[in-house]
Amino acid sequence: MKKEPLLVSACLLGEKCRYDGGSKYSAKAALLAERYEFVPVCPEVLGGLPTPRPPSEILGARVMSKDGADVTAQFRLGAARSLEMARKAGAVKALLKSGSPSCGRGLVHDGFFSGKLVPGNGVTAALLEENGISVHTELDLAPLER
Ligand code: SF4
């Protein structure tokens with residue numbers, strides 16, 4: 001039987017695409033390959049940003065990197081390309097990395113590089129949800145295991 005497609009943050013699968021050049025491999029997330037066909041995406045790379053890159057945070061309607069560059073356009077492009085990949089694959093669910101200004105859902109950093117989290121969604125998580133895709137993070141895999 002064909003497995004259901006699941007859009008997944010590539011860093012959770014071990015891809016070294018994070019701003020610091022590392023990954024955030026999650027063994028629990030990887031186990032979901034038994035029931036889902038993974039569609040890995042890294043929205044920031046899809047938006048044209050290099051790896052490594054300065055960290056970025058959402059500040060109001062913009063996304064700013066720690067070195068003061070406005071990277072809103074790249075984040076929006078990466079979100080649009082991730083949505084396109086989800087649609088192409090027929091994915092209606094996504095498993096994204098918590099806390100990221102692209103992938104985070106529910107909580108994101110406060111925009112001042114203070115280490116504090118505030119309520120909000122990453123740019124890609126928000127766009128996916130606006131388009132009917134249910135977004136989950138590695139902090140709560142239970143809904144994807146049912
Ligand atoms: S943009 Fe998403 S997939 Fe890419 S490194 Fe950040 S959290 Fe991981």
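Arg 53 counts as buried in this predicted model, at 10% relative accessibility. Its partner is worth a look too: the side chains of Arg 53 and Glu 44 meet in a salt bridge, with 2.9 Å from N to O. Glu 44 likewise counts as buried, at 10% relative accessibility. Since the cut-off for buried is under 20% relative accessible area, both ends of this pair qualify, Arg 53 as well as Glu 44.

**Salt bridges**

How many salt bridges does the structure hold? There are six. Side chains of opposite charge can pair when their charged atoms come close.

| Pair | N to O distance |
|---|---|
| Arg 53 and Glu 44 | 2.9 Å |
| Arg 18 and Asp 20 | 3.5 Å |
| Lys 93 and Glu 4 | 3.6 Å |

Lys 93 and Glu 4 form a salt bridge whose closest N and O atoms are 3.6 Å apart. Lys 93 belongs to strand β5 (residues 93–96) and Glu 4 to strand β1 (residues 4–9), so this pair ties together parts that are 89 residues apart in sequence. Lys 93 is partly exposed, having a relative accessible area of 21%, and Glu 4 is partly exposed as well, with 29%. As for the bridge between Arg 18 and Asp 20, the Asp 20 end counts as partly exposed at 45% relative accessibility.

**Where helices α3 and α4 meet**

Helix α3 (residues 72–89) and helix α4 (residues 123–130) have axes that come within 9 Å and cross at roughly 40°. That angle makes α3 oblique to α4. The crossing in which α3 passes α4 is right-handed. On the α3 side the contact is made by Phe 75, Arg 76, Gly 78, Ala 79, Ala 80, Ser 82 and Leu 83, while α4 supplies Val 123, Thr 124, Leu 127 and Leu 128. By kind, the residues of this contact divide into seven nonpolar, three polar and one charged.

Phe 75, found in helix α3, counts as buried at 1% relative accessibility. Leaving out residues up to four places away in sequence, Phe 75 touches Glu 44, Leu 49, Ser 56, Val 63, Pro 101, Ser 102 and Val 123. Glu 44 in that list is also the salt-bridge partner of Arg 53, and Val 123 is one of the α4 residues in the contact between the helices. For a sense of scale, the C-alpha atoms of Phe 75 and Lys 97 lie 15 Å apart in space, and the two residues are 22 apart in sequence.

Is Arg 76 buried or partly exposed? At 47% relative accessibility, Arg 76 counts as partly exposed. Arg 76 has its place in helix α3 and touches Ala 61, Arg 62 and Val 123, again not counting residues up to four places away in sequence.

Ser 9 is buried, with a relative accessible area of 1%. Setting aside neighbours within four places in sequence, Ser 9 is in contact with Val 41, Leu 95, Leu 96, Lys 97 and Cys 103.

Ser 65 sits in strand β4 (residues 62–65) and is buried, with a relative accessible area of 6%. With neighbours within four places in sequence left aside, its contacts are Pro 54, Pro 55, Ser 56, Val 71 and Phe 113.

**Backbone details to check**

Which residues are joined by a cis peptide bond? Thr 51 and Pro 52 are, with omega at about -5°. Pro 52 lies in the loop between α2 (43–46) and β3 (56–59).

The other spot is Phe 113, which has a positive phi of about 55° although it is not a glycine. Phe 113 is in the loop between β6 (107–109) and β7 (117–119).

Definitions and conventions. Residues are numbered from 1 along each chain as its sequence is written. This is a predicted model: local features need pLDDT of at least 70, side-chain atom pairs count only at pLDDT 80 or more; totals for chains, interfaces and linings use all residues. Side-chain values use heavy atoms; hydrogens and water are left out. Axes are lines fitted to C-alpha atoms, for helices over the stretch in contact, and angles run from 0 to 180 degrees between N-to-C directions. Helices (H or I, at least four residues) and strands (E, at least two) are DSSP runs, numbered from the N terminus. Angles under 35 degrees count as roughly parallel, over 145 as roughly antiparallel, 65 to 115 as roughly perpendicular and the rest as oblique. A crossing is left-handed if the near helix is turned anticlockwise from the far one by less than a right angle, and right-handed if clockwise. Contact means heavy atoms within 4.5 Å. Ala, Val, Leu, Ile, Met, Phe, Trp, Tyr, Cys and Pro count as nonpolar, Asp, Glu, Lys and Arg as charged, and the others, Gly among them, as polar. A salt bridge is a side-chain nitrogen of Lys or Arg within 4 Å of a carboxyl oxygen of Asp or Glu. Buried means under 20% relative accessible area, exposed over 50%, partly exposed in between (1.4 Å probe, protein chains only).
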